[in-house]
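Q: Please take a close look at a single part of this structure, and describe carefully what is paired with it and what packs against it. I would like one connected account, with the criteria behind each term stated along the way.

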Amino acid sequence: MMTKKLIFAFLVIILTFTTARADTPSLRQLFIEMPDSIIPYLSHNNRLDLLDFMDSNMKSEVTNDFGGKSVMTVLTEDSISVQLNELNKTKILLLESTQPVDSSNCVIALIRTIYIDGEQMETDLKYYSVKWRRLTKEPQLSPAHKELMKRYVKPSNIINFLIRRVNKD
């Protein structure tokens with residue numbers, strides 16, 4: 001009798017953890033399902049190819065929809081980085097939200113950074129639900145993710161860069 005109770009308790013614990021894990025979306029799957037309009041450089045097939053190349057430990061490079069080369073440089077459970085062209089790098093993060101958004105405790109941060117001469121010029125941050133619905137206001141992020149986002153979003157350097165260019169000439 002005790003063995004049956006122990007097995008039942010074990011099954012309840014396993015199901016609880018499995019269900020909680022099932023509620024957390026996979027960034028990989030979200031990247032595949034992302035509408036092409038979010039990152040027009042990459043078609044659905046481009047995104048699948050980038051993931052396949054990363055899985056095969058090959059250089060993850062595709063010819064993008066604008067005829068240039070795009071390279072995936074990072075793929076983890078909660079982070080993807082793609083160098084879309086020589087000037088534009090995009091990072092996608094899966095972040096924990098303290099309040100549910102579209103029935104999920106996760107949101108997506110899409111960070112586009114423009115570089116000129118290797119110097120970060122401009123950063124654009126947009127938040128999305130896991131259903132790729134654009135969020136009009138900043139989500140309530142966990143404290144750790146709030147701190148993380150401060151590292152990525154920096155003030156614009158474009159004015160200082162242009163002033164240096166004018167003074168240099």
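**A close look at the sheet**

A: Strands β1 and β2 run antiparallel and are joined by 3 bridges, where two strands are said to pair if DSSP finds at least two bridges between them, and where helices (H or I, at least four residues) and strands (E, at least two) are DSSP runs numbered from the N terminus. Within this pairing, the bridge partner of Val-62 is Ser-70 in β2. The model is a predicted one, so that local features need pLDDT of at least 70 and side-chain atom pairs count only at pLDDT 80 or more, whereas totals for chains, interfaces and linings use all residues. Residues are numbered from 1 along each chain as its sequence is written, and side-chain values use heavy atoms, with hydrogens and water left out.

The chain as a whole has 5 helices and 6 strands, and along the sequence these follow the pattern α-α-α-β-β-β-β-β-β-α-α. The 6 strands make an open sheet in the order β1-β2-β3-β4-β5-β6, with antiparallel pairing. Its edge strands are β1 and β6 (119–128), each of which pairs on one side only. Neighbouring strands of the sheet are turned by 25° against each other on average, direction ignored; the axes are lines fitted to C-alpha atoms, for helices over the stretch in contact, and angles run from 0 to 180 degrees between N-to-C directions. Helix α3 packs on this sheet, touching β1, β2 and β3, and its direction makes about 50° with that of β2, contact meaning heavy atoms within 4.5 Å. Helix α4 (residues 143–152) also packs on the sheet, but touches β4 (88–101), β5 (104–116) and β6, and its direction makes about 160° with that of β4.

To take α3 in more detail, its 12 residues (44–55) should span 16 Å at 1.5 Å a residue, and the 17 Å between its end C-alpha atoms agrees with this; the expected span is 1.5 Å times one less than the number of residues. Asn-46, Arg-47, Leu-50 and Leu-51 are buried in α3, where buried means under 20% relative accessible area, exposed over 50% and partly exposed in between, with a 1.4 Å probe and protein chains only. Seen down the axis of α3, the buried residues fall within an arc of 135°, so they line one face of the helix, the arc being that of the directions from the helix axis to the C-beta atoms. What covers these residues includes α2 (27–33) as well as β1 (61–63), β2 (69–75) and β3 (79–83). On the α2 side, Ile-32 is buried at a relative accessible area of 16%, and, neighbours within four places in sequence aside, it is in contact with His-44, Arg-47, Leu-48 and Leu-51. The C-alpha atoms of Ile-32 and His-44, which are 12 residues apart in sequence, lie 6.5 Å apart in space.

Tyr-41 and Phe-66 form an edge-to-face pair, 4.8 Å centre to centre with 65° between the planes. This pair links distant parts of the chain, since Tyr-41 is in the loop between α2 and α3 and Phe-66 in the loop between β1 and β2, 25 residues apart. Tyr-41 counts as buried at 19% relative accessibility, whereas Phe-66 is exposed at 59%. Tyr-128 and Trp-132 form a tilted pair, 5.4 Å centre to centre with 55° between the planes. Trp-132 lies in the loop between β6 and α4, is buried with a relative accessible area of 10%, and has a positive phi of about 60° although it is not a glycine.

On the α4 side of the account, Tyr-152 is found in that helix and is partly exposed, with a relative accessible area of 22%. Residues up to four places away in sequence not counted, Tyr-152 touches Lys-91, Leu-93, Ile-111, Gln-120 and Thr-123. Finally, in the loop between β4 and β5, Ser-103 has a positive phi near 65° and is exposed, with a relative accessible area of 77%.

Technical notes
Rings of Phe, Tyr and Trp (its six-membered ring) pair if their centres lie within 6.5 Å; planes under 30 degrees apart count as stacked, over 60 as edge-to-face and the rest as tilted.
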